[in-house]
Amino acid sequence: MILFAILQTIALTFFTRGFLLSRNVLPDLATCQNQQSEILSKLGKSSKYISNSSNDSCFHPSPFKKTVILVIDALRFDFTIPNPNTAPYLNNFPIFYDTFTNNSENALLLKFLADPPTTTLQRLKGLSTGSLPTFIDAGSNFDGDTVWEDNLLSQFYHHNKSIAFMGDDTWTAMFSPFINSSICYPYDSLNVWDLHSVDNGVIENIFPLLEEQESWDVLVGHFLGVDHCGHRYGPDHYAMKQKLLQLNDIVEQIMQKISDDTLLIVFGDHGMDSTGNHGGESKDEIEAALFMYSKQPFFKHFDDPDNSIYNISNGGENYRHVNQIDITPTIAMLLGIPIPFNNLGSPIAEAFQGDKTGYSIASMLTSSQINNYRLTSNELRDDELLNEKYQTIWDKWSEEILNENYQKIWEQWSKIKSKSESNSLLIDDNYNYQLSSLQKCKEKWANFDDLNIWIGIILLFISLVVLIIYSKLVPSVVVYQLNNQCLMGSFILILVYCALSTAFSIVFKPQGLTINWALLLGVALGISNGILAPIMDRYSLFWLLLQIRENLVQNGWTYTGMLIIFLHSLIFTSNSFIIWEDKIVSFWLTTFGFLAFFKSFQQKEDHKKYLGAYHSFMFILFTRLTSLITSCREEQGGKCVSNFKISWWSIVLLYISAIVLPYIIKSFYNVSYSYQGAASLWIGKAFRSVLFLIAFYWTLEYIENDEVITAYLYIPFTKGAKLTIARTAIGISLFVGTIGWTGGPFCVKVDLSETEVLDPNPSKIKKKSQAVKSTEIQKVAKILGYGNVYGSSYFLFFLNILAAVMLVSKPLGGLSLFFLVNQLLTLFELVDILNIRTNLVSVVVMTLLGYLHFFTTGHQATLQSIQWETGFMFTETISFPFTHLAIILNTLGPFILIAVAIPLLVIWKIPPTKKPITLCSKIVENSMTVLIYQTILTLVTLVMTNHLRRHLMVWKIFAPRFMLNALILFLFNIILTFISVGYSSVNAVLRWYQVFGTR
Amino acid sequence: MTTRRAKKVSFNKSSKIVEIDQEEDLNNLDLEIENQNSSRFNNDKNNESNKFNNDDFDDDFDPDTMDIDLTTGKKRKGRAAARADAAAGTAETDDKAPVEALATSLGLIPYHLPLLLYSILSDGTIMNDTAKAIQKTFFNLIAIALIYSVLVGEMAKLQRNPNKKSSGPTGAEFLYTSISFPISVALSIPIYLTFLLFGAPAGPLNTLTFYLSAHVSLISFFPLLNVYKFTDKNAKQIWWKLLTFQVPNWKLNQIYCSSLGGLIGCWLGVIPIPLDWDRDWQDWPITLLIGSYAGAFVGSVASYLYGLYVLSKFKKNT
């Protein structure tokens, strides 16, 4: 199984590598000389625009000596403009628009369109380099690497400008070599529960610096409060109002403090959607605000008589917008540094129109820089169409320069622009050129590496075939003998294949397959061949084919399972089905319950009939209730109403479930008289108290965030108390619980019918345990809970994990998990009644339950829906194992639970057997079936994502779904191999023999 | 007319075979027998017999047998247990109330369903005002379903007593139909609840869902009610079997197939809803309505064709 895990991981890595290609980064740095020499030389020596080396500025005399760049994270555009509606996030940031309309020459307010992915790290990269970060970078939001690519900050640094910085520590991670370390004040960025410390830190440090202007040339401040507020409460919350008002005030103060030669730039790096999250590419997420201000009159807006350009109606829907990377050349030229080498943005017109010739020169400079970049880059060089375009611009430019009428250029252009006629003047040509080269690059960098993609797909397919053969076709008795051979064979063949593939890559040097990757490929091939070799040695291919027909299909239930797998794979062919997967999954589960309902009537014994019917009805009911908890993804639109919020009633329900759940489990235990021994301590006391701790934790969380309660009541200790509670609960559930469980609780009780005394000495019981024999002592020993020895003790382990997952799930998620336990228990009873323990369908239904609860614990297959804030339950700052553990438990919790519960399908409600090995092999087989199911799903996503890679929705729907599937597959591999099969079920099954001995 | 009679004969013969088989072989479960019987007809051993193949779960669990089940793919049947069951008389209760099927015939195909469906769709009002249109078609359906059910009832009568010439439905039968009609309308309440459990939207669309369930109940249950009358002797057992899908030879039971088809069609009807084509007909519950109409028709036709197939096999064998 470990081999399978490795094989599949390698397959996934290959695909990921091929699919999520990163952009080639050119290390070149732009310098003044190479950028302007050509263009400006044409201007002639007399020109006042030419710079010489004594002048420290690259562009024409740079209007600004200093700049203050303030980033207000997630400042959506409509926060900043007047809006007739009322909402906590509207009309609370008036300073931009007021200044913009009242002092139009001093200020500029524009809509700022970010490129997806809208995560802060990517945006900062894009902003500073002027290029397009690719999707794969999104994952590295948490360990932002230094940006070595040419960027604004490095240009400032190379031109001896001192950069002061305060705020989000992402900046220091990316740009620390360039920032003046004596005036750098980074603050931890990812603790989204903390709205104020970053902002207060910035405010604390920025005003002293504004007083002593000599110490810096560039001042960067990054406010995180708005973003955190969005993540935590969503935009529609009173905290957002306070935050916006506060920042409004700060910006106003800063505007007064700056000197005359300072340019103030305030912008949001991205927006937020209606739930306050970001990362995708919806309108709300990419629209941010850009505000520029200087004390001297500098900006010149377009003539806007009929209010069509700066149109604030409908939340600024048709307001003039610029691309986010447009700020890069703009800042560079306004401050007289070279435009970063990789820039693809165009200068912002308003910033250069104040000076009559400014814009035409700026725009020409940018075009020349882009051209330079394109010619340097291997992948972009050969686009003749663009090269031609540039050539015409260049010719025109030279011509105009010779006639010295570049002033006229702008005059003509601005006239025509206001009449909005089509024309082919120089500036428009430039602009077109810039836009189309941007477009070309966007297409180019969505390029995929077919070789790696197909290697990934084929490897995963091979792993699927091997899995099926190994787990389903070969009789499980034989598998045990084969295991060692497989392992040995794999090791040997891994070496062989590694050698082969290394040789191959050295000799042929195929593109996109370096030695390291070739080695990985060798390992993968070695594993698959190594497993197949001993099997093929014994059986012929034909025999295996025959086995498919015989073994895979057991009865009608198997067909049902296959049908569901088939339909579930089909889902990935359509974006709409992926969007609605949550509903579809619950529909299937209900269908299973429905079929089980009628199937149980075909049982022969009356009590089974009605029990089966009752359990399947409860199963349906729980499924329906669970699916009432919704957390919509943005594409679901108006047809879905999210109710996944922390509200008072969800807290109350959490308390109720804490009371009820132990009773329910107890009643299920009592069916087989297993509520004995350790069970009452475990379930009745420990589990219940942990549940109450969890409920109490979320109560504190609720109190802390509630507007009404906090207004009247200030509780100082909530933060510390929350941390303590969370740590206690996780400690009990994961560590103490696991250690205790390894010690070996049994849920049986030995009743001696005459003396009624619990006999503590196991050696005596040993003799009497298997049957009710009367020995010479004349006592009859009766073991209560005999019928469910394995299941009842294994379930305790499941409860440990459950408690941990419940802790990190939000209240409604906890409720969903409460239903999960009920569904699982009813499912086990059903499986027992219908006798489908090792049937395909039961495993499929288990996995579907995992999916259902993934959705109902407030997740969706999108990056935005990851609940980052749960990472800070155990620690205040990011610390390696705990933050990550919490986020993983929160996101993939339901799948972890399902993987842990898989062995219960086999061992629930069975008496001890004489052959533990057979039992274990059943468990392994079921685990394998889970893997097969998930592998099929992943394989289909790989194929479909690859097939639809030019689809409009690839990055929004298909790619995140693929990543989720890959993650789940990986997780299933790990959990099933190392925990369910490797540790707990073996432990549970073998324990009986350790205590009671074999016969 | 001649073809129909021929089929009838064939089936009557087959049902005789069933009885003989049952007498001969009491060791196995009666469900099994009936399935064997049907498989004798269609040489289709795998699916059905497995479907009704219930294994006993003994309290003495032995993983070894479980293992064998897996590797051979077949459940081993405890013969002794089956015998015990037969002795205990579970099989006998089944004998008392065999679910008789009507002979498949062209006349049993619900021709009115596609016609009604066409009239709904060609009209176009269902896209604009779903509630009104669905209400209107419901009344149309009532009228036609009443006629259809009387015809079906007649046919059932004819087939049960082939010698007696019927002179049309008697007054009692009309009375029965008029009683069974409100019953099947009332049946729409459990169907409605089932829809809710399956995830039908509760709230503003409640009326539509209820109309849908009324449609489904008229399509799926009303004809059944007229064939298997609740006034019959064994009505309780028969309906129990019908409702728990323990009908032998269900493939030949055209009315039953049509009901099942209606339900399955309804189940399949949800598929287009999530697609983002933005068409009017994707609205709740139009697709389900179409699904159940079409499903009932297709089910009936499929059963008829299957009947023809069995007949030809039967002729070849004799």
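Predicted model: local features only at pLDDT ≥ 70, side-chain atom pairs only at ≥ 80, totals over all residues.
**Reading helices and a sheet in chain A**

Biologist: How many helices and strands does chain A have?

Modeller: Chain A has 36 helices and 10 strands; these are DSSP runs numbered from the N terminus (helices H or I, at least four residues; strands E, at least two).

Biologist: Which residues of helix 7 of chain A are buried?

Modeller: A residue is buried if 20 or more other C-beta atoms, placed from the backbone, lie within 10 Å of its own. In helix 7 of chain A these are A:V198, A:D199, A:V202, A:I203, A:N205 and A:I206. Their cover includes strand 3 (163-168), strand 4 (184-187), strand 5, helix 8 (225-233) and helix 9 (238-257) of chain A.

Biologist: What is the order of the strands in the open sheet of chain A?

Modeller: Two strands pair if DSSP finds at least two bridges between them. This sheet has 8 strands in the order 4-3-5-1-6-7-2-8, with mixed pairing. Strand 4 and strand 8 (321-323) of chain A each have a single partner strand, so they stand at the edges, with one side lacking a neighbour in the sheet.

Biologist: Which strands does strand 1 of chain A join?

Modeller: Strand 1 (residues 66-72) of chain A has 6 of its 7 residues buried. It runs parallel to strand 6 (residues 262-267) of chain A, with 6 bridges, and A:V68 stands opposite A:L264 there. Another 6 bridges join strand 1 to strand 5 (residues 218-223) of chain A, also in parallel, where A:I69 faces A:V220.

Biologist: How do the axes of helix 31 and helix 34 of chain A cross?

Modeller: Axes are lines fitted to C-alpha atoms, for helices over the stretch in contact, with angles from 0 to 180 degrees between N-to-C directions. Helix 31 (residues 789-808) and helix 34 (residues 880-907) of chain A have axes that come within 9 Å and cross at roughly 170°. The two helices are therefore roughly antiparallel, a term for angles over 145 degrees.

Terms used. Residues numbered from 1 in each chain as written. Chains lettered and ligands numbered in written order. Buried ≥ 20, exposed ≤ 12 C-beta atoms within 10 Å, placed from the backbone. Contact = placed C-beta atoms within 7 Å. Parallel < 35°, antiparallel > 145°, perpendicular 65-115°, else oblique.
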